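Subject: Structure handover

Hello,

Here is the structure for you to look over. My notes follow below it.

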Amino acid sequence: MGNKESILIVDDERIVRESLLHWFEEEDYLVHTAENGEEALKKFEKGKYDLMLVDMKMPGMSGLELLSKVKEIDKNVVVILITAFASVPTAIKALKDGAYDYVTKPVDPDELAHLVKNALEQKSLKTENEMLKENIEEIVRPDNLIGESVQMQQVFDLIHTVAPTDTTVMIRGESGTGKELVAKAIHINSKRKYFPIVPVNCGALAESILESELFGHEKGAFTGAQFRRKGKFEMADCGTIFLDEVGTISPKMQIELLRVIETKQFNRVGGNQLIKSDFRVIVATNEPLEDLVKQGKFREDLYYRLNVFSIIVPPLRERTGDVPILAYYFLNKFATMMNKNIKTISPEAMDFLVKYDWPGNVRELENAIERAVVVGKGDAIKVQDLPFNVSANGNMFSTDSDDKSLAAIEKKYINKILNENNWNISRSAQILEIDRVTLYNKISKYGLKRANT
Amino acid sequence: MKNEIYIAPLKFGNLSILKEIENRLKKLLWERINFIQLGLDIESAYSEARAQYFSTQIIADASKLTGEINGKIILITEADLFVPVLTFVFGEAQLNGKHAIVSVCRLHEEFYSGTGNDELLIKRTIKEILHELGHCYGLKHCSNWDCVMHSSAAIEEVDIKGEFYCRHCRKLVVST
């Protein structure tokens with residue numbers, strides 16, 4: 001995928017030309033170089049360029065002189081001047097003579113990348129409609145958002161309806177049902193698809209970290225902040241911000257969030273500069289926000305601001321028809337990754353998978369298949385490869401060990417609760433009715449670790 | 001990917017991180033990942049004025065030592081890297097070539113938030129290794145943010161881009 005816009009780099013230093021040539025070639029631009037103004041002018045007369053990066057100070061024709069001459073040939077060419085020595089009068093003259101911008105080397109790579117991108121976008125004759133060439137008759141889904149059940153078809157229909165708009169979406173569903181995948185599906189079917197979707201797990205971050213994560217911080221804003229850092233709202237400019245576990249946000253952050261969503265403006269922590277960002281908001285929660293509003297734990301005005309369009313993702317036990325297709329998707333994924341020749345699931349194992357109630361939903365199914373592929377021998381997953389058996393009433397008993405001690409059962413149960421809550425320590429501790437410190441101690445005692453999903 | 005891949009630490013002291021990177025790359029790339037010691041002193045690439053190391057020169061110096069090796073060679077260092085016109089680079093690669101270099105210097109979370117995070121460091125390093133390796137296989141930057149080949153000129157962009165090649169880039173890599 002490439003832009004194939006053309007760039008001419010003009011600098012008398014070979015190493016600068018080569019570095020920039022290399023840099024822009026990786027971005028798939030068509031790049032040429034010239035070591036002085038005269039050579040650049042000859043090249044420009046032969047074939048027009050969309051953008052020129054020109055050193056101010058060169059033997060013979062200076063950067064400013066070259067700027068004037070190329071503007072006579074093509075007034076639309078974008079020229080960015082580079083200099084080692086910044087001076088205000090020269091900068092003003094350059095801009096008055098038609099330079100797009102003026103930068104001092106060494107240039108921050110992020111600044112240069114955005115400068116060139118913005119410059120070419122302004123010049124570009126492409127329209128937004130031209131970028132969205134596809135006529136979306138069928139929505140594009142992330143590969144792993146799978147389902148053929150009626151319930152999932154309803155979800156896909158809702159995605160299809162809301163994606164092309166800029167409407168704020170609230171995705172609701174139990175942990176492990178694929179809320180983030182639904183958010184991605186909305187994003188990649190929207191006009192913002194060429195920009196990032198930026199996820200933030202609000203439940204996993206302490207309030208002080210969340211503020212910096214969302215809004216960024218300036219260099220020196222706090223001890224250890226050696227570099228400036230852009231926040232997630234800034235990174236989501238022109239794209240989408242996905243706020244997962246939005247119900248866990250503190251009252252103070254709820255006020256900040258409401259203000260940012262309404263004004264699309266904010267300051268970085270420790271900064272005075274007002275940052276503007278054009279983002280779409282998608283949030284997700286597995287909590288009953290309405291109850292939190294009644295209890296005074298979630299602001300009503302923020303609730304109504306976020307709950308404009310709601311999509312409920314069903315738990316896996318309500319769409320067991322999708323279990324086989326999901327199981328085979330994960331089997332294919334992990335068998336390929338681990339280079340194992342396991343191609344099928346035995347009828348008994350599939351029957352078990354379909355009947356199990358999946359409290360951890362699709363994430364739990366994925367973990368179960370991964371584990372089965374690890375331990376499986378032969379070309380089929382069997383019941384004994386699965387990490388659990390179902391008793392007559394659908395409860396879970398592990399077949400991993402014969403250890404029936406209290407400690408073993410406690411370890412197993414704590415692990416189950418942590419996985420069901422995506423390792424959200426606060427929520428898990430609340431469910432287990434112990435405090436966070438006790439939970440951390442038990443995690444350490446049993447050597448529990450979050451599985452990669 | 002048909003070639004063997006060699007990881008060559010240069011001025012890299014954190015062995016536990018290196019081991020974890022090796023383990024994860026082996027899982028991701030299904031190929032033999034080999035660690036080699038080139039015995040290259042990178043001090044000749046040091047710029048006192050910049051207090052940084054010139055990445056292009058390190059690659060050029062490494063090339064003189066790797067003639068016998070068939071495969072892709074990723075140099076990994078804790079030194080801060082630069083090319084003359086930019087304030088820093090996370091890495092550099094020979095497009096459709098044999099060598100690339102990745103620096104973990106600016107991938108450390110403690111420079112940004114004040115708190116170290118080894119897991120984040122490893123994830124970022126893996127991404128940058130895959131990114132530069134992709135360039136060695138001839139891949140240019142991908143416009144898909146879910147792809148590890150998306151350009152990333154700042155740490156925030158490293159964090160939001162994908163962790164592996166998208167379907168399109170993966171096809172191009174596998175066909176080489």
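Predicted model: local features only at pLDDT ≥ 70, side-chain atom pairs only at ≥ 80, totals over all residues.

Helix pair in chain A

Helix α14 (residues 323–337) of chain A packs against helix α16 (residues 361–375) of chain A at an angle of about 45 degrees. Their axes are 9 Å apart. The crossing of α14(A) past α16(A) is right-handed. On the α14(A) side, the contact residues are V323(A), L326(A), A327(A), F330(A), L331(A), F334(A) and A335(A). From α16(A) come V362(A), L365(A), E366(A), I369(A), E370(A) and V373(A). By class, this contact has eleven nonpolar and two charged residues, with no polar ones.

Strands in chain A

Strand β3 (residues 51–55) of chain A runs parallel to strand β4(A), and five bridges join the two. L51(A) sits opposite V78(A) of β4(A). Strand β4 (residues 78–83) of chain A is mostly covered, with five of its six residues buried.

Where chain A touches chain B

Here 33 residues of chain A contact 27 residues of chain B. On the chain A side, α1 (14–26), α5 (109–123) and β9 (229–230) each supply at least two residues. The largest share, six residues, comes from α1(A). By class, the chain A side has 17 nonpolar, seven polar and nine charged residues.

Best wishes

Notes
Residues numbered from 1 in each chain as written. Chains lettered and ligands numbered in written order. Axes fitted to C-alpha atoms, helices over the stretch in contact; angles between N-to-C directions. Helix = DSSP H or I, 4+ residues; strand = E, 2+ residues; numbered from the N terminus. Left-handed = near helix turned anticlockwise from the far one by under 90°. Contact = placed C-beta atoms within 7 Å. Nonpolar A, V, L, I, M, F, W, Y, C, P; charged D, E, K, R; others polar. Buried ≥ 20, exposed ≤ 12 C-beta atoms within 10 Å, placed from the backbone. Pairing = 2+ DSSP bridges.
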